[in-house]
2 protein chains.
Amino acid sequence: MLSVLGTIRELETGRLSVHGVYDRVAEAIARREPVVKAFAHLDLEGASARAFNGIAGPLMGLPVGVKDIIDTADFPTEYGSPIYAGWRPKADAAIVTMARRAGSVVLGKTRTTEFAHLHPSVTTNPHHPGHTPGGSSSGSAAAVAAGMVAYAFGTQTAGSVIRPASFCGVAGLKPSYRLLPTVGTKTFSWHLDTIGLFAAHVADCAYVLSALAGRELRVDTKDFGAPRIGLARWPTYEEASADMRHAVEHLARRASARGASVVDLQLPSLFSEAEAAQRIIMDFEGAQSLAWEIETHGADLSPELRVALEHGQHLSPIAYDSARSTAHVARRVFGDLFQDVDVLMMPSAPGAAPEGLGATGSPNFNRLFTLLGVPAVNVPGLVDGSGLPLGVQIVAPFGKDRAALAAADWVERLIARG
Amino acid sequence: MLSVLGTIRELETGRLSVHGVYDRVAEAIARREPVVKAFAHLDLEGASARAFNGIAGPLMGLPVGVKDIIDTADFPTEYGSPIYAGWRPKADAAIVTMARRAGSVVLGKTRTTEFAHLHPSVTTNPHHPGHTPGGSSSGSAAAVAAGMVAYAFGTQTAGSVIRPASFCGVAGLKPSYRLLPTVGTKTFSWHLDTIGLFAAHVADCAYVLSALAGRELRVDTKDFGAPRIGLARWPTYEEASADMRHAVEHLARRASARGASVVDLQLPSLFSEAEAAQRIIMDFEGAQSLAWEIETHGADLSPELRVALEHGQHLSPIAYDSARSTAHVARRVFGDLFQDVDVLMMPSAPGAAPEGLGATGSPNFNRLFTLLGVPAVNVPGLVDGSGLPLGVQIVAPFGKDRAALAAADWVERLIARG
């Protein structure tokens with residue numbers, strides 16, 4: 001993988017030129033892309049030409065992959081749907097302009113599931129082509145894992161950043177809700193859709209987020225010390241594989257041995273209701289957001305999306321209002337869990353990437369935190385018995401993105417120590 | 001004006017055919033549009049042909065004007081900016097599909113100020129061509145006032161629905177935040193942008209909102225009785241003209257004489273801070289939402305918009321976070337004001353429509369309620385000494401849209417009694 005911070009250090013010290021960066025990218029693409037199929041559209045020549053024109057800004061010409069649910073004026077943007085084949089938006093999404101301003105170069109559009117919902121793209125898992133890369137930000141996670149971009153943008157409405165990051169063995173970050181603007185991103189659920197990042201390491205995500213959001217969120221500039229961790233075996237925990245449960249619990253013991261405070265933490269049952277509320281809000285809003293597509297191109301929607309949207313169309317406004325109230329209360333109560341801990345730790349997904357490309361795995365370990373709008377980070381580095389990545393999720397209260405990133409970085413370094 | 005409910009009654013009883021509706025519209029357009037200039041794009045022939053194909057749904061073929069900040073696949077959508085001259089979105093905005101589903105026919109795109117900000121369109125006030133119609137939903141308010149559509153969509157980020165409704169003498173409704181989806185509307189500020197409605201009467205707005213939102217919000221189906229009114233002479237009140245203050249206070253006395261409870265109500269100083277927060281959130285988010293336009297077409301932005309966006313770009317994330325916290329607290333505290341009253345009553349704008357077309361008037365009576373996300377209604381019917389409309393604003397707590405509409409309808413009928 002191309003670490004953002006590692007590459008910048010090489011560029012700054014002159015050990016690497018921007019040509020060298022694009023040579024590495026070109027090599028990775030030639031070697032991996034035919035099997036991984038991370039890109040819907042790719043312009044290596046154009047991107048490297050733009051980068052050679054002069055590197056500037058904190059992102060110094062680094063190539064970024066942009067999930068194809070996010071508008072770009074200079075690439076087609078197809079939202080993973082035949083309805084939008086060849087579609088060219090007029091404008092870049094806000095996040096794309098912000099990345100370009102910070103010095104980044106868009107290498108291409110990464111594959112998304114249909115409208116960032118469940119119907120998979122053709123992307124394969126870089127660790128095993130017979131396994132799903134996860135979704136919906138399939139191409140973004142895979143492109144980073146295969147070393148084809150320095151970082152990538154994704155979006156999460158249920159588990160679309162943390163899950164693919166976990167399956168592909170890369171760092172993934174879903175920041176606090178609307179820390180990064182979703183303007184110019186195809187809406188599925190306006191209360192849930194959140195822009196996220198993929199990079200080799202947690203500290204890379206923190207660096208990119210700082211550069212884009214204009215906030216001090218880096219974790220490579222000082223020592224934050226060992227975190228106070230709440231190990232959350234919450235309702236969904238039984239869905240986790242034995243490998244996953246063992247990995248997380250073993251990691252918790254190691255963290256404790258290295259000076260972290262680790263306590264068991266139960267989530268009140270309100271959070272099970274909140275999970276149910278996430279599903280209601282997602283489907284109800286999805287049916288409104290995709291109203292034009294349903295009315296005018298219904299036959300071009302996948303069966304799984306059609307079922308979800310029909311469900312959304314039949315939900316009552318009262319059920320929706322009640323789900324929003326539950327979310328509101330859950331957001332307030334969630335903060336109270338953090339009196340003695342800085343972060344929660346739990347699986348990022350039920351286990352390693354499932355076999356097969358027909359489905360993208362379960363978002364059930366992620367839904368709640370998307371609903372709550374709180375920062376969540378996937379920490380890479382663990383593997384299961386067959387060598388497939390297992391992701392650990394770190395979650396912090398709303399607005400405490402740096403606490404989440406610092407703890408996740410600490411855990412990542414703990415894992416790397418072996 | 002074409003009352004929605006009145007027209008539907010005529011259609012249902014067979015006194016009027018859908019041809020007759022479009023004859024009235026055609027007559028109004030021929031007579032008024034050359035001076036009023038409400039439409040950026042208009043297709044009378046296409047709309048009437050679609051309506052004649054069979055009227056169905058609660059909106060029964062009624063012609064609607066869609067503010068040109070809202071995407072349509074079959075009309076150009078130019079956002080009031082030369083940057084988007086001739087632009088054709090791929091899809092209809094969610095609200096447009098929902099209106100078509102309910103039986104409405106899009107007659108045309110109504111003129112908006114540049115990106116729904118301050119730089120005016122060419123639309124004039126139907127009550128006096130030398131006066132502003134208000135903004136940013138200038139064409140929507142004017143088209144309803146001139147009888148050219150049965151109702152129209154607008155958007156409000158500061159005062160862009162209630163102010164033009166007030167200046168043009170029509171009913172205007174800004175429902176609770178996100179009761180109507182903004183998907184497919186050009187974003188200025190995602191925490192503030194709200195879809196609103198214009199129609200001849202308050203009960204018409206309530207009927208249309210019910211039809212679109214699938215909620216029971218009509219106020220013409222039963223008697224809600226006299227409301228309990230809090231007369232809010234809040235910080236901005238000194239900005240109101242003598243005519244306006246006199247009109248509102250006289251109306252309050254009449255309401256009291258007719259059985260409404262009317263009490264004076266002071267808003268705590270927190271709400272002045274909240275008003276300031278609205279400005280910060282609007283400019284900070286606006287600079288992100290229009291990042292692409294700033295970077296690639298800066299010279300095509302008006303000077304007033306450029307100044308606002310530069311202000312937004314220089315605001316610190318800390319100031320923004322603090323503004324959002326203020327908004328959060330203000331939303332909670334606002335509900336507490338309604339222990340003894342159902343609604344607040346106050347001016348919709350400082351006075352009648354100002355003379356001149358170079359500016360669209362002040363949104364200072366509206367900003368706070370946009371920030372709070374609460375329902376606000378402009379009640380038409382009053383006039384100043386020179387015969388120009390004066391609007392009265394009715395505001396209710398979040399989610400109490402029907403209470404706001406019922407009280408506004410009661411006040412409108414009180415005014416009509418003379």
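## The interface

In this model, 23 residues of chain A are in contact with 23 residues of chain B, contact meaning that C-beta atoms placed from the backbone lie within 7 Å. Helix H4 (94–101), helix H9 (270–289) and helix H10 (291–297) of chain A each supply at least two residues of the side that touches chain B, and H4(A) gives the most, with four residues. Helices here are DSSP runs (H or I, at least four residues) numbered from the N terminus.

By class, that side of chain A has 12 nonpolar, five polar and six charged residues, where Ala, Val, Leu, Ile, Met, Phe, Trp, Tyr, Cys and Pro count as nonpolar, Asp, Glu, Lys and Arg as charged, and the others, Gly among them, as polar. Because 100% of the interface residues of chain A are also interface residues in chain B, the copies meet through the same surface.

The model is predicted, so local features need pLDDT of at least 70 and side-chain atom pairs count only at pLDDT 80 or more, whereas totals for chains, interfaces and linings use all residues. Residues are numbered from 1 along each chain as its sequence is written, while chains are lettered from A and ligands numbered from 1 in the order in which they are written.

How values were computed: Contact = placed C-beta atoms within 7 Å.
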